[in-house]
Every structure is written in C-alpha cells, then in structure tokens.
Amino acid sequence: MTTAFDPIDLSGTPLANRIVMAPMTRSRAGDGGTATELTAAYYAQRASAGLVITEGIQPSVVGQGYPFTPGLHSAEQVASWRKVTDAVHAEGGRIFAQIMHAGRIGHPVLLPEGLTPVSASPVRAAGQIYTHEGPKDFVEPRELTDAEIRQTIADFAAAARNAIDAGFDGVELHGANGYLIHQFLAPNTNLRTDEWGGSEAARIRFAVEVVKAVAAEIGAARTGLRISPSNPYNDIDEPAPDAVYTALAQKIEPLGLAYLHILEDAPIRELTLALRKVFTGTVLINVHSDGPTGPDDHTVIDDGIADLISYGVLFLANPDLPARLRAGGPFNTPDPSSFFGGDAKGYTDYPALDAV
C-alpha cells in the first residue's frame with residue numbers, strides 16, 4: 001500500500017514524500033515585491049516536505065491583490081527568489097512557485113497610480129480588501145479586452161520562465177479561491193458573451209490557454225494547476241461546478257502536466273473522484289471540507305484518492321510536519337492570530353486562511 005511517506009516521481013522531479021506544503025499568502029515581501037532573507041529561512045525550515053509550494057506570486061504589476069506580496073516580473077524579483085530556491089535545495093527540498101493574478105481581488109491603492117484591478121467582467125466582489133491603509137471596499141474591476149487577455153496569458157508564461165530562471169523546480173498556476181483564472185471559470189464573475197465567456201467551453205478557455213502557454217514555455221512536466229470547485233471564497237458562486245471542471249480536466253489531460261491540485265473547500269469528494277478518472281496524471285488534494293487539513297487526512301493517499309496531499313496552517317505551526325505525521329505527533333496547535341503578525345510590517349489583521 002502506498003502511503004504519504006513514500007517517495008514519488010513528479011514528472012521527472014523526485015519527491016522524498018507525498019506531503020506538500022500548501023501555498024499561503026504571507027504579505028511579507030521586501031521593497032519592490034522581492035523575496036527576503038526571512039522568506040528563504042521560512043521555506044528552508046519546511047524543506048522536508050516532498051514539495052513546497054510558495055505563496056502566491058503576481059505575474060505582473062496589475063496582478064497584485066494584497067499588500068507586501070512578491071512578484072516574478074522584474075530582474076530584482078527574480079534575483080531575490082534565487083536565494084530562496086538555493087536555501088530550499090540546500091536542505092534537500094523541492095519548491096514550486098505559485099503564480100497568482102488576483103484579478104478583481106485588490107484595490108487601486110495597492111497598484112501604481114492610474115491602474116485598477118481587472119477581471120473577466122466588471123463585477124465588483126462583495127466585501128472588503130485589507131490594504132496598508134486599512135480595510136477598503138472592493139471596487140468594480142475593469143473588464144479585460146481580448147488583447148489584454150492575450151497579454152495576461154503572456155505575462156503568466158513570462159513569470160513561469162522567470163521562476164525557472166530563479167531556480168524553482170516548477171510552477172503552480174493559481175486557478176482557485178476567486179482569483180483571476182477562477183473569475184473566468186465562475187458564472188457569476190464571467191458574464192462575457194465573446195469567445196472567453198458564456199458557455200462552459202468558453203469559460204474554461206482562459207484557464208486552458210494559460211496552462212498551454214506556461215507548459216509551452218517551461219514544459220508541462222514543470223507545470224501544475226490549482227482549482228477549487230464550488231469554493232465561495234472571494235464572492236464566487238458556482239452552484240453546478242461538475243460540468244465546467246470536468247471539461248477543464250478533459251482539456252488539460254493530454255498535456256502531461258506535473259499535477260492537478262484540488263482544494264476541497266466544500267463537500268466535493270464525489271467531484272474529486274470524478275476528476276481523477278478524467279485527469280490520469282498526478283492528483284494533489286487539500287482536504288479542506290471540514291476545516292484545515294488535519295493530521296489524519298493523509299490517509300487519502302493510503303486509500304488511493306490522491307497521489308499527494310497538501311497541508312496549510314498545520315505546516316506553519318509544525319515546520320517539520322512530515323516527521324511529526326510519521327510519528328503521530330506531537331503537533332503544535334496553530335495560532336491564527338500569529339500567522340500574519342510579527343514581521344508582517346505591522347499588518348496584523350490579515351485573515352489567516354489555510355492555503356489561500
């Protein structure tokens with residue numbers, strides 16, 4: 001029987017175990033959206049994971065959604081990430097960069113003057129965004145033109161190339177949790193009637209084209225995709241997700257991606273199993289149905305439900321998590337109030353979420 005502690009070949013990248021550190025927003029970037037010495041130490045401490053997936057990294061200036069988040073679109077940013085990848089590799093770990101365009105989840109105060117958040121359609125998200133000026137209501141995003149959509153796809157590909165140049169083992173495209181790719185997939189945020197919206201086939205097109213562009217740039221074996229069917233986070237409404245995500249899985253199946261990462265943020269195990277039949281490659285899941293992934297959830301590997309499992313807040317509280325899971329504990333109790341405090345530039349009211 002295969003367990004979470006067994007090694008796995010991830011499309012040519014050998015992993016020591018099947019326990020993955022989930023991507024989690026940190027809001028601790030240095031000047032110019034760069035990674036810092038603290039970033040390197042943070043990820044190196046958790047390098048015993050089979051795979052570390054970084055916090056979301058914006059592929060362009062307008063892709064930023066939160067204060068003090070890092071990028072992969074400048075030479076300075078690329079150079080700063082090299083220190084992180086070197087630190088993780090020195091500890092024997094493997095690390096993928098999560099590329100995340102926030103889309104409508106952001107605010108003009110986080111962007112250079114004159115820019116505003118963009119999305120599939122001009123639909124404002126309910127709620128507020130945390131900024132360095134305090135909480136602010138979301139604004140109505142500007143609808144991307146066809147030319148801008150194609151440029152955004154190119155931005156993802158360029159950021160992926162920068163990630164490889166910075167020493168990352170691969171990239172994960174963030175198609176979950178209400179960010180830009182998810183905004184194209186969801187019917188309440190994609191109201192378009194052109195080739196990028198309307199039908200299920202049209203709504204998946206942006207995700208498919210981003211995946212294809214990145215795979216063409218750095219190789220499918222170094223490209224993963226993260227999805228979160230029916231996850232309502234960031235004001236997403238997907239009442240009937242099965243058809244669109246099955247169609248998406250069918251489209252990316254022939255590409256030979258490194259993995260498909262499914263965030264189970266609702267009781268969607270049946271859909272997970274259905275997608276596993278369609279997507280025959282490596283499947284990574286974050287078991288989030290009843291709260292953050294727990295110490296006993298790695299049995300999904302034993303049961304053949306997934307090939308890899310990702311942990312969020314439990315990895316924050318237990319940097320040596322694989323060893324603790326193997327030993328059955330003890331486990332430090334996560335303290336959500338501390339996750340975004342301390343060195344987070346005084347920004348202590350950020351919502352602590354598992355694998356955002």
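## Contact between H3 and H6

In this predicted model, Ile149, Arg150, Thr152, Ile153, Phe156, Ala157, Ala160, Arg161 and Ile164 of H3 are in contact with Arg205, Phe206, Glu209, Val210, Ala213, Val214, Glu217 and Ile218 of H6. Sorted by class, this contact comprises eleven nonpolar, one polar and five charged residues. The axes of H3 (residues 146-165) and H6 (residues 205-218) come within 9 Å and cross at roughly 35°, and the crossing is right-handed.

## Salt bridges at arginine 161

Glutamate 217 and arginine 161 form a salt bridge, with 3.2 Å between the closest N and O atoms. This pair links distant parts of the chain, since glutamate 217 belongs to helix H6 and arginine 161 to helix H3, 56 residues apart. Arginine 161 also meets aspartate 165 in a salt bridge (4.0 Å, N to O); these two residues are four apart in helix H3, about one helical turn.

Arginine 161 is partly exposed at 26% relative accessibility. Glutamate 217, at 33%, is partly exposed, and aspartate 165 is partly exposed at 43%.

## Packing of H1 and H2

Helix H1 (residues 37-45) packs on helix H2 (residues 75-90) at about 25°, with the axes 8 Å apart, so H1 is roughly parallel to H2. Glu37, Thr39, Ala40, Tyr43 and Ala44 of H1 meet Trp81, Lys83, Val84, Ala87 and Val88 of H2. These residues divide into seven nonpolar, one polar and two charged.

A salt bridge joins glutamate 37 and lysine 83, whose closest N and O atoms are 3.7 Å apart. The pair ties together parts 46 residues apart in sequence, because glutamate 37 lies in H1 and lysine 83 in H2. Glutamate 37 is exposed at 57%, whereas lysine 83 is partly exposed at 49%.

Notes: Residues numbered from 1 in each chain as written. Predicted model: local features only at pLDDT ≥ 70, side-chain atom pairs only at ≥ 80, totals over all residues. Heavy atoms only, no water. Axes fitted to C-alpha atoms, helices over the stretch in contact; angles between N-to-C directions. Left-handed = near helix turned anticlockwise from the far one by under 90°. Contact = heavy atoms within 4.5 Å. Nonpolar A, V, L, I, M, F, W, Y, C, P; charged D, E, K, R; others polar. Parallel < 35°, antiparallel > 145°, perpendicular 65-115°, else oblique. Salt bridge = Lys/Arg side-chain N within 4 Å of Asp/Glu carboxyl O. Buried < 20%, exposed > 50% of the residue type's maximum accessible area, 1.4 Å probe, protein only.
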